[in-house]
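Me: I have a structure open and would like to go through it piece by piece. Can you take my questions as they come?

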Amino acid sequence: MTKQELNGNVRPESMERITTPELAREFIELQTEAIREQVGKGRVLLALSGGVDSSVCAALISRAIGKQLCCVHVNHGLLRKGEPEQVCRVFGEQFDVNLIYVDAVDRFLDNLAGVSDPERKRKIIGKIFIDVFAEEAAKIEGVGFLGQGTIYPDILESDGVKSHHNVGGLPENMRDFELVEPVKLLYKDEVRVVGKALGLPDSMVYRQPFPGPGLGVRCVGAITRDRLEALREADAVVREEIEKLPARPWQYFAVVPDIKSTGIKDGKRYMGWPVVIRAINTVDAVTATTAELPFSTLCAIRDRILSTVEGVNRVLWDFSDKPVSTIEWE
Ligand code: XMP
């Protein structure tokens, strides 16, 4: 493949599927040169969520241009346990990139207080995210480029082959930025192979899909800080126990709906939330089947949650398929 082909938006038919570390290294070398040529002495700004695509994109750009890359990690309070810390550790220390960490937790949660409609919740999260990112961008001088972890299915799904399919969502002051999209011709499995070859940890490279609005759509109804914390803790338990299994489901997580039921603790009535376990298998997330969890795994999850997670007095298993149920509860 040539550098010219790498810049286009159509995957050349001759492009071999990247399945081995050797092929990944070849791609990385070519892309490193292409990024250097495109950016020159310019500066690139990138929103780093900690997801596979933005992480691999950041690692590639950082390899090519080092400190000319500036990453912004916005902590919206809806990330899973340990995620903001992992982003800071991997990119701030291991890759030594310019990393701006923004603690926007209060801003997100204050704006979400009392909002129970799922679509309004999504819109608020999306809007504040863009606002925070734009505010940070405005503080950095000399940025001419925007790094984006666009992957090939994003281009195919954006109705034909358009170059700036994501730009519509950007604030005014960023629309003139030129995009740097080093993984835009890759399929997801190839992004993972490249990420591994770049030295990213397995927990990042093989991360299960996680919605942009994060735990926000799993803290069903109006989000409160105490229920969100219970969800984060319970979710960590669900993931840890399921990850002990020889084969992991496609997606697995906890949900905490906004209801309370009667329980008993220290001989007294104890009103608490239920934690719902959800684990599914799917190919494309359009339909999904329930993953068969061993009863011993369910019991281990139950015991840990009921003995450690504040405010919870019941554990349920959602074994509904899609359709009729969607994967997420909201
Ligand atoms: P549903 O709930 O529609 O989910 O069966 C299908 C897949 O999409 C993910 N999902 C989202 N991803 N923003 C995202 O980035 C969202 O608002 C969102 N809602 C659902 C979900 O986790 C599942 O993998």
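Me: Which polar backbone atom is 2.8 Å from an oxygen atom of the ligand?
Reply: One in Ile327. That is a polar contact, meaning a pair of N or O atoms within 3.5 Å; within protein, one must be able to donate a hydrogen and the other to accept it, and residues adjacent in sequence count only if both atoms are side-chain atoms. Keep in mind that this is a predicted model, where local features need pLDDT of at least 70, side-chain atom pairs count only at pLDDT 80 or more, and totals for chains, interfaces and linings use all residues. Residues are numbered from 1 along each chain as its sequence is written, and side-chain values use heavy atoms, with hydrogens and water left out.

Me: Which side chains have a polar atom by an oxygen atom of the ligand?
Reply: Lys322 has a polar side-chain atom 2.6 Å from a ligand oxygen. For Glu328, an N or O atom of the side chain is 2.5 Å from a ligand oxygen.

Me: How much of the ligand's accessible area does the protein cover?
Reply: It covers 69% of the 500 Å² that the ligand has on its own. Such areas come from the Shrake-Rupley method with a 1.4 Å probe; for residues, only the protein chains shown count as cover.

Me: Which residues surround the ligand?
Reply: Among them are Arg122, Trp250, Ala285, Lys322 and Glu328. Here a residue is near a molecule or strand if one of its heavy atoms lies within 4 Å of it.

Me: Where is Ala285, and what is its phi?
Reply: Ala285 lies in the loop between E8 and E9, and its phi is near 70°, a positive value in a residue other than glycine. Most residues other than glycine have a negative phi, and most peptide bonds are trans. The E labels are strands (at least two residues) and the H labels are helices (H or I, at least four), both DSSP runs numbered from the N terminus.

Me: What about the peptide bond between Lys322 and Pro323, cis or trans?
Reply: Cis, with omega about -15°. The bond from Pro323 to Val324 is also cis, with omega near 15°. Pro323 sits in the segment after strand E10 (312–318).

Me: Is Thr282 buried or exposed?
Reply: Thr282 is buried because its relative accessible area is 13%. Buried means under 20%, exposed over 50%, and partly exposed in between (1.4 Å probe, protein chains only).

Me: What do its buried residues pack against?
Reply: The buried residues of H6 pack against strands E1 (43–47), E2 (69–75), E3 (98–103) and E4 (143–147), and helix H5 (105–112). Ile124, Ile128 and Phe133 are among those buried residues. Contact means heavy atoms within 4.5 Å.
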